[in-house]
Amino acid sequence: MRSYQESLKLIHRINSCEYEIDKGFVPNMTVPVRFFVNNKLSPLLFEELEHYHSIAGFGGFLPAVTQMANVASLPGIVKYSIGLPDCHSGYGFSIGNVAAFDMEDPKGIVSPGGVGFDINCGVRVLRTNLTEADVQPHKEELAQSLFDHIPVGVGSQGVIPTTMEDLDAALELGLDWSLREGYAWAEDKEYCEENGRMLQADPAQVSIRAKRRGRPQMGTLGAGNHYAEIQIVDEVFDGVAAKQMGLFKGQCVVMIHSGSRGFGHQVATDALIEMEKAMAESKITLNDRQLACAPIGSKEGQAYLKGMSCAANFAWVNRQSMTFLTRQAFSKIFRQDPDDLGMTMLYDTSHNICKTEQHMVDGKPRQLLVHRKGSTRAFPPYHPLIPVDYQTIGQPVLIGGTMGTGSYIMTGTQKGFETTFGSTCHGAGRAKSRNKSRHALDHTQVLEALKKKGISIRVASPKLVMEEAPESYKNVDDVVDTCHEAGISKKTVRLRPIAVIKG
């Protein structure tokens, strides 16, 4: 195996926050790697690589830079394998990895590892017309009301009745199902990526086991890094964009972070099994078996895309159901209709998904299947796929922070569209594994630290708090600053949490 020092010779710094990894870093690379980190974040990636070389493997995962390079060896990849500043080791693809494959290239592939197990895990933000002065006296009541309304935790079950027939309809229709059933406002759909519905979805491509896992979980937050937070607009960086989004300093907003729960996990698991069979038949060889894939046009590739679309629709219905419950929770405390409280949706973004998009490559428009794993779409001003209200400022980009720190709202840029396929970071990104966090931290200390910051918290399992403590993550300010400095997205506002609901 190449030494750490020899590996470093193949990694070149382009500027203050951008690096390139040459072809040849791992076998079979057909394109280079581009990754974005500033001086504060780069030591984490290089220390991880050095540690891997020193002990010849750790924790079952390759270092993030090696995973990004392995992605650059996948058949049909276009331009670069891209790593964003919240990048860290994951399954196959690193989390924070973006890769695009040409839809017209028969070698182009789709890989479940490039989407992840929590398909369409994403973030949405609800505005309110309330200020911090309005909510602070009711903060504890609001936190408890949210906790009472939204089912949380690993085994949580939804309160919205869902039969198998309902589930199939939700998988096919996405947010249109929520609208039909009265859990959404008409305008909610407009402010959701893909209008909350992947048209390729086909429930017939989803296993009964996945449906059985998903049916009781509709409208549940789950555990891990998922949360619902009551936040305050703490700092405004771009007054024009903030005004266009209906945001002002001191305003109360709600951020919901969740995905497709056990349903999406089972869809991904089922697909990986089929992909391994398909690779043997197609004679595809990989640097890492976790990158299991199939040609886009193959039976297995199309079946995965249809099943993944069902999981994406499930996740949008899931977040919409929790939006309905959040509106009820606020209405109960303030004794006003949610409409009178101004509880409109600002936007909903996905950060574990792959989509067909048109991008310019070598001066020509090409249809690409863009995999974003732990990465947020960040389309520029005047792109036809973003809402009319945001045409002049670019797509809102929702960056969820860690429990007890801040979150951000950014906007997409033309430079990002040209250099990262219109992609940016999705959050802080882990600095420690969950296992290390459990052994290094005490949950009582974490909860006490949140209390001292004036943050109310409701958790189903206090011990899981250790895994999600701010110390377990990179500094979200550094991650966002890297994206802003690189020009791939632009800061609009910073959000400060005052109450957190977690599993």
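**Reading the annotated sites**

A: His426 touches Asp86, Ile95, His351, Gly374, Ser375, Thr376, Leu398, Ile399 and Gly400, residues up to four places away in sequence not being counted. Please keep in mind throughout that this is a predicted model.

Q: Where is His426 found, and is His426 buried or exposed?

A: Position and accessibility are read separately. His426 is found in the loop between β17 (423-424) and α13 (434-440). Its relative accessibility is 13%, so His426 counts as buried, the cut-off being under 20%.

Q: Which side chain forms a polar contact with that of His426?

A: The partner is Asp86: the side chains of His426 and Asp86 are joined by a polar contact of 2.5 Å.

Q: Which residues does the annotation "binding site" cover?

A: In the UniProt record, again an unreviewed entry, this annotation covers Cys121, His257 and His351. They are spread over 231 residues of sequence, yet they cluster in space, with a largest C-alpha distance of 10.4 Å.

Q: Which residues of α5 are buried?

A: The buried residues of α5 are Lys139, Leu142, Ala143, Ser145, Leu146 and His149. Viewed down the axis of α5, they fall within an arc of 165°, so they line one face of the helix. Among the elements that cover them are α4 (132-135), β8 (227-236), α11 (299-334), β18 (456-459) and β19 (489-502).

Q: Is Val159 buried or exposed?

A: Val159 counts as exposed, because its relative accessibility is 52% and the cut-off for exposed is over 50%. Val159 is placed in the loop between α5 (139-149) and α6 (164-173). An exposed residue may still have partners to examine. Once neighbours within four places in sequence are left aside, Val159 is in contact with His149, Pro151, Met218 and Leu325. Of these, His149 is one of the buried residues of α5. Met218 is 59 residues from Val159 along the chain, while their C-alpha atoms are separated by 7.9 Å.

Q: Which side chain does that of Ser73 join in a polar contact?

A: The side chain of Ser73 joins that of Asn287, at 3.3 Å. Ser73 is in the loop between α3 (64-71) and β4 (81-88), and it counts as buried at 13% relative accessibility. Beyond four places in sequence, Ser73 touches Pro27, Asn28, Met29, Thr30 and Asn287.

**Reading aromatic rings**

Q: How is a pair of aromatic rings described?

A: Two quantities are used: the distance of the centres and the angle of the planes. When centres within 6.5 Å are taken as a pair, the count is twelve aromatic pairs. The rings of Phe330 and Phe334 have centres 6.2 Å apart and planes at 25°, so this pair is stacked. Phe330 and Phe334 are four residues apart in helix α11 and are therefore separated by about one helical turn. Both are buried. Elsewhere, ring pairs link Tyr19, Phe35 and Phe46 into a cluster.

Q: Which rings have the charged end of an arginine over them?

A: Here one reads the distance to the ring centre. The charged end of Arg2 sits over the ring of Phe25, 5.7 Å from its centre. The charged end of Arg377 sits over the ring of Phe379, 4.5 Å from its centre.

Conventions:
Residues numbered from 1 in each chain as written. Predicted model: local features only at pLDDT ≥ 70, side-chain atom pairs only at ≥ 80, totals over all residues. Heavy atoms only, no water. Helix = DSSP H or I, 4+ residues; strand = E, 2+ residues; numbered from the N terminus. Buried < 20%, exposed > 50% of the residue type's maximum accessible area, 1.4 Å probe, protein only. Contact = heavy atoms within 4.5 Å. Arc of directions from axis to C-beta. UniProt positions renumbered as here; feature names shortened; annotations may be inferred. Phe/Tyr/Trp six-rings, centres within 6.5 Å; stacked < 30°, edge-to-face > 60°. Lys NZ or Arg CZ within 6 Å of the ring centre and 35° of its normal. Polar contact = N/O pair within 3.5 Å; in protein donor to acceptor, adjacent residues only side chain to side chain.
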